[in-house]
Structures are given as C-alpha cells and as structure tokens.
Amino acid sequence: MADVEQVLTSNEDPEIQDRNRCAVANVILNHIHSSRNQAPQLEPVPRFCNHAEQITRRFLKENPNVVVIKSDKGNKTVLMEAGDYKQKMLELLNDQATYCPVTRDPTSKFERENNNLVRRLRNLHLIDDKTARRLTKYNAVCPRIYGQPKAHKPGLPLRPVVPNMTSPSYELSKYVGRIIQQSLVSSYNIKDSFSFCQFINGVTLPDDHVLISLDVKALFTSIPKSLVINSIIMRWNEISPNTNINLDLFLEIVEFCIDSSYFRFDGQHYLQVFGTAMGNPLSPSIADWVMETLLDTVIRMLKILRKFVDDLITAIPLNQLQHVLKTFNSYDVHIQFTYELEVDNKLPFLDMLLIRQSNQKVTTQWHQKPIASGRFLNYFSYHPMSQKLNMAKNLASRVNLLSTDLDNQAKVKIIDEQLKINDYPKSLRHRIANRMNENRSDEVLTQRSLQLDNLEHTYRSIPFIPRLSSKIDRVLKQDYHNIRLAKYNVKTVKDMFTRVKDEVPLDHQTNVVYSIPCNDCEASYVGMTSNRLKTRMNGHQSHYNKMDKMLEEGINIDDPQMTTLGERTALMSHSIIKQHRFDLKKVKVLDKHKNTRTLQFLEMCHIKNNKNSINRRSDTEGLHSVYAGILYEIGKINKTRNENENENVNNTGTHANTYTHGSNDRPSTQQYTQS
C-alpha cells in the first residue's frame, strides 16, 4: 500500500488518484480473501524449499557460533566459526598504519564539519538551496564495518567493507565524486565487456609479445591522500570546467571526505587514517583518477593497455616482464601490483578468456573463473518469471557475443549447462539457446527506439507477491503510462545470513514509526521521526519537564499555558488530562522507510490499526478511507498471529520461530507476506 501510494501521488489529478486507489485496494482485498479461503496446497518444489528453510533456521539457531556470509567474489556462501571471523576482523583493524581506535563516536563532529562546508558553498552561491538541503545531514549514524571472505584465497582472508550510506559526509562525497568522474576523459578505461570484446578481437600483437594482466593489491586502502591531492592539482584544468568551486575549497572538501572515513566494530569506534574506505562513494572516482595519472606517468609503448578500475590488461615482450612490473611498483611505495601471465596462450580477463592465436591475433570466449559458484537466478526462486527469463536471455546473449572463438554448437552447450545448473527446464533451455542468434528487424528496433525517445519513464518499486503484484501492475498501467514498476523481493536467502555488522542502537535509529506505551493504562502513542529516535524522545521528555515545572509552580491543568502545551502532541494532551505518564524508555519501532511521505503514510496505517492509540483524528486525515477494509483484515491477521505466538510462549517458554531480516530500509518479510 505504501509503495503504491508513491506511484499514485506522482499524478496530481485527484480523480485519477482515487480511481486507481480504489482499483488497487480492491485487488489487494480480493487477494487477502482468496489466499485465506482457498489455502491451496503447495507444489512439491515450494514445499521442499519451505521445509529446507525451516531446517536451516533451526540449525543456525542451535549453532550461534556459525557465521553465514556471502563471499567477496564468485557468489558463494561461506560458513565459518564466529570466533575466527572476529579474530580475522581484529587482525585487519590492528593495522595501526591504516586504522586508529578512538574513545568516542565522532559522528557529531563530522556532521558539524560537513554542514559547515555545505553552508559555505551555499553562502558563496556555489550550490542552490535544493542541493544544499540534500548535502546537509542531521541524522547521521556511525557506519558499521564488516568483512567479506575471499573464498578464492587460502586462509579465507577478509575484505573490509564500510557501508557509508548513513555517514555524515556520504552525500557530499557523492557530489564531489561525480564532479571528478565527469572530468575524467580516459583513453584506457573499458566501458563494458562488449565494447572491450569488439576492440580486442581486432588486435594483432607483435611477434614477440605475450598477454599479461596487472592488479593492484587492495587499491582503495592503499591510496595516500597526498597522491590524491597531487593528482587533482596536476589535472585541475580538466576538473575546473565541471565545477564553479575554486581549487582550494575543492581540495578542502576532498580532504574532509577522505579524513571522515570512520566506522564501528564490536562496540569500538575506529578512524581510517590511511587510504580510502570500501563503501565511500568518493573512493571509486579517486581510484580511477589516481590510476589514470599513474598510467600516464609509467607507460612506455605498452600494447593494448586497457583498465577496468584496478585491473589492467596489456601485452609485452616476455623478457620485459620484470622490468615492467618494477616500473609500475616504483610509482608509489604503497601501490603495488601483482601480475598474471597467459598460460597456453590463454589469459582470463573480466568475464572473458583472451586467446592469442598462432598468427598473434586475439580472440575471446565467455569465461567463468574457477571461484565462480555458477549460481544465477534459480528457476524455482522467489522472483517474477519475467526476471528469470530476462536473466536467461542475457546469459545467452553474453555467451554468444563474447565467444568469438566458438561455433554455435559449443555456445549452445555452454548456455544449456549453465541454465541446467540453475534448474531451468529442458524445453526452456533449448528455446533460449536456439533463439540467441535471432535478430529483430530494423523496423521493430526503430519503432521501439522512437517509443523510448517519446516517453520518459519513471521507475518505482513494489514488493513481489505472486498473483498480486502483476495485477497491481496491470491496473496502474492504464493511467500511469510513464511509470515502470520494478518488483523487489521480500524473501531472500540473505534473510538467513548472519548479521555480522554491529546493530544500530534503538535510540540511534532514524526514519522510523514508533509507539510509546502509557504506564497507567492500555493506551499508546504512535509517532514518526526522520531524526534519531533519541532526539525525538528528548523532545517528549522536554515537554514533560515543562509540565512538571508548571505543576510545581501551582499552574492548574485548565490553565491556558497547560492547554497550549497539551496541544503540541496527543501524548502530552493525554498526560495532562488523564494525569498519566508514558514510558519513553519502552519505545518500540513499528516501521522504517527512507521516504518521508511514505513514512507518514505508514504512521497513519499504524495509528488506524492500533485500537489503543490516543492519537488525534487529524493525525490520520491523509489516509484514504478506501484502505479501511484492508487495514481491518491486517488487524485480524495480526491478532491471530499474536495469539498463536502467546500460545507458543506459554507452551514452550520460547517463540517457535526466529526471524532475521536482511534489510533495515523496508518493512519485514513477515509484514509483507501477511499483508
């Protein structure tokens, strides 16, 4: 409902909104009724998957010392001892040249510095008000580091990743990184595998040359800040046309974005004192810029030199290998390269195998590295069928276009094997493989191109619920022609993975709908805040302090001053009139969402479905009455679920099921599958 509301409000015509709102609400209500009344028997595969999920959850619950996490490469799932994972992380963080522990959370400090820089940019008229609001941060939360196991290396070393979405400087880093990226006109960069394949298949190497790939060891955490600053100064003429910020201020912003790399692990806060963080949106732009400067400095007539981030492909005389490696490694003591030499005239690069023929021409084959799990979207996975078919078609297209060294029969065999691993039926595998060479007529392609040019699409997302999502899509297409609905998954394998990041404390959570119980009756107050929950609770406590002070001064509850205080929130009105107290320490988060308008809609839904809510009627005036039937049904479902949970607790002393959800930005899987 909340996701659909985002689509509906994109059209300002209230008549169109109401018509589609009624139609969608009817579809949802019918789906709830049919799902409850029919209670269809599951097919063998879904029944098997549900059983396997129950066994897996039970195993993980009984073995809390097991960490389940996704590998760094290859789409593999890694199980390791919790103690081993923690020890490997601490070994990483004990590198005093890169990380420094600090005694307190520096979020507030970095937030002030970020906002001061944004304010300076605004006062100098270098950015507009809209950009300034986007770059300003008031609800930052300390990032949580985690490690991804490198399953292709012995000993399972971890790659440190710091998701910076909640950090104070995230938006400012994106803003500066975009300027740097726009300024880079590279003669070395590879756009994608297809363009590189087209380029490399026209190359003929000199007789004495062999293929070699170069790779930087941990590029992001190896880039000195001084090297970044020098690169920007040297190439400022290329950056300045893309920004009206002068060089000194630009360097100050870049330095701040690098210096404000920090995180928390196991309750301890750390600063990254060297290099850039994996997860900082500025890091890829900086790395690309530094690599570009490095190549301009060190190359001397290298053949077919191309790069994809820190992966380089080139051709050199074999007797020059050590000299080339020494030249690259002499650029900076911190940026060190490793190499991989062709074997039997073959060298893997990206998702291709480069093959040097006897006449020195280079051809290609689609290639998977040995570390790859071979997993794509499984045919029985919880995804729309259109996504599975598109994945299969894209796989066939990649194998076909990237394999210039294979005949059609060999290509079909590869496609069939890959799809078979992922349980695609034989008839579908053959149909996709046989159609890989079919080309649409120029007329069809021209018509499609004209349609795309004449219509600007806006993308929105709704959860994928079988039999329901497709019906909602068909309803909205009638009036919202420019909207394209993407379906996100509410049930994924990641839901069962271990939460290896530190949990965000309740009082530091942002963009939430919350409830507070009354100490003296069954009433509760439902509210929302985009700031930290702690800040909102401090606001409620401040109101209580004012009320207590007035009562100490002998001010009656009927006094205009007390009435004015009670008008601020329904919580204070109930507290003053009934002389009750709400327990601010027992606040509970009901929902989360990054979009403020969607958060307001969710707040109104929770108020409506809370029979003990003391919120004012005006708090739900924005909720259309067409949703009343759905909310009533959801209320009944929740009541039944709570009764079953209480019965399980009484019978066993513990909850029968434990759920771990992978995303903090959307309502839980339970909420979606039940409503």
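Predicted model: local features only at pLDDT ≥ 70, side-chain atom pairs only at ≥ 80, totals over all residues.

**Helix pairs, cores and loops**

Me: Which residues of helix 12 meet helix 7?

Reply: Helix 7 passes helix 12 in a left-handed crossing (the near helix is turned anticlockwise from the far one by less than a right angle; clockwise is right-handed). From helix 7 come Gly177, Ile180, Gln181 and Ser183, with contact meaning heavy atoms within 4.5 Å. On the side of helix 12 the partners are Pro284, Ser285, Asp288 and Trp289.

Me: How many charged residues are in the contact of helix 7 with helix 12?

Reply: Asp, Glu, Lys and Arg count as charged; Ala, Val, Leu, Ile, Met, Phe, Trp, Tyr, Cys and Pro as nonpolar; the others, Gly among them, as polar. The contact of helix 7 with helix 12 has three nonpolar and four polar residues, and the number of charged ones is one.

Me: Why is helix 9 roughly perpendicular to helix 12, and at what angle do they cross?

Reply: The axes of helix 9 (residues 225-234) and helix 12 come within 10 Å. Helix 9 is therefore roughly perpendicular to helix 12, as their crossing angle is roughly 70°.

Me: How many charged residues are in the contact of helix 9 with helix 12?

Reply: The crossing of helix 9 and helix 12 is left-handed. Leu227, Val228, Ser231, Ile232 and Met234 of helix 9 make the contact with Ile286, Trp289, Val290 and Thr293 of helix 12. Seven of the contact residues are nonpolar and two are polar, so the charged ones number none.

Me: How does helix 5 run relative to helix 11?

Reply: Helix 5 (residues 107-123) and helix 11 (residues 247-259) have axes that come within 11 Å and cross at roughly 160°. That angle makes the direction of helix 5 relative to helix 11 roughly antiparallel.

Me: How many charged residues are in the contact of helix 5 with helix 11?

Reply: Helix 5 makes a left-handed crossing with helix 11. Phe110, Glu113, Asn114, Leu117, Arg120 and Leu121 in helix 5 meet Leu249, Glu252, Ile253, Phe256 and Asp259 in helix 11. By class, the contact of helix 5 with helix 11 has six nonpolar residues and one polar, while the charged residues number four.

Me: How many residues are in the largest nonpolar core?

Reply: Such a core is a set of buried Ala, Val, Leu, Ile, Met, Phe, Trp, Tyr and Cys residues joined through side-chain atoms within 4.5 Å, where buried means under 20% relative accessible area, exposed over 50% and partly exposed in between (1.4 Å probe, protein chains only). Ile232, Phe250, Ile253, Phe328 and Phe337 touch the most other members of the largest core. Not counting residues up to four places away in sequence, Ile232 touches Ile180, Ile239, Leu247, Phe250, Leu251, Val254 and Trp289. A second, separate core of 33 residues includes Ile28, Ile462, Leu599 and Leu623, whereas the number in the largest is 56.

Me: How far apart in space are Ala372 and Asn75?

Reply: Ala372 is in the loop between strand 14 (362-366) and helix 14 (385-402), and counts as partly exposed at 28% relative accessibility. Leaving aside neighbours within four places in sequence, Ala372 is in contact with Gly74 and Lys76. Ala372 and Asn75 are 297 residues apart in sequence, and C-alpha to C-alpha their distance is 6.5 Å.

Me: What is the phi of Asn345?

Reply: Asn345 sits in the loop between strand 11 (337-341) and strand 12 (346-349). With 31% relative accessibility, Asn345 counts as partly exposed. Although Asn345 is not a glycine, its phi is positive, at about 65°.

Me: Phi of Gln579 is near what value?

Reply: The loop between helix 21 (570-578) and strand 19 (588-592) holds Gln579, which is partly exposed at 46%. Gln579 is a residue other than glycine with a positive phi, near 60°.

How values were computed:
Residues numbered from 1 in each chain as written. Heavy atoms only, no water. Axes fitted to C-alpha atoms, helices over the stretch in contact; angles between N-to-C directions. Helix = DSSP H or I, 4+ residues; strand = E, 2+ residues; numbered from the N terminus. Parallel < 35°, antiparallel > 145°, perpendicular 65-115°, else oblique.
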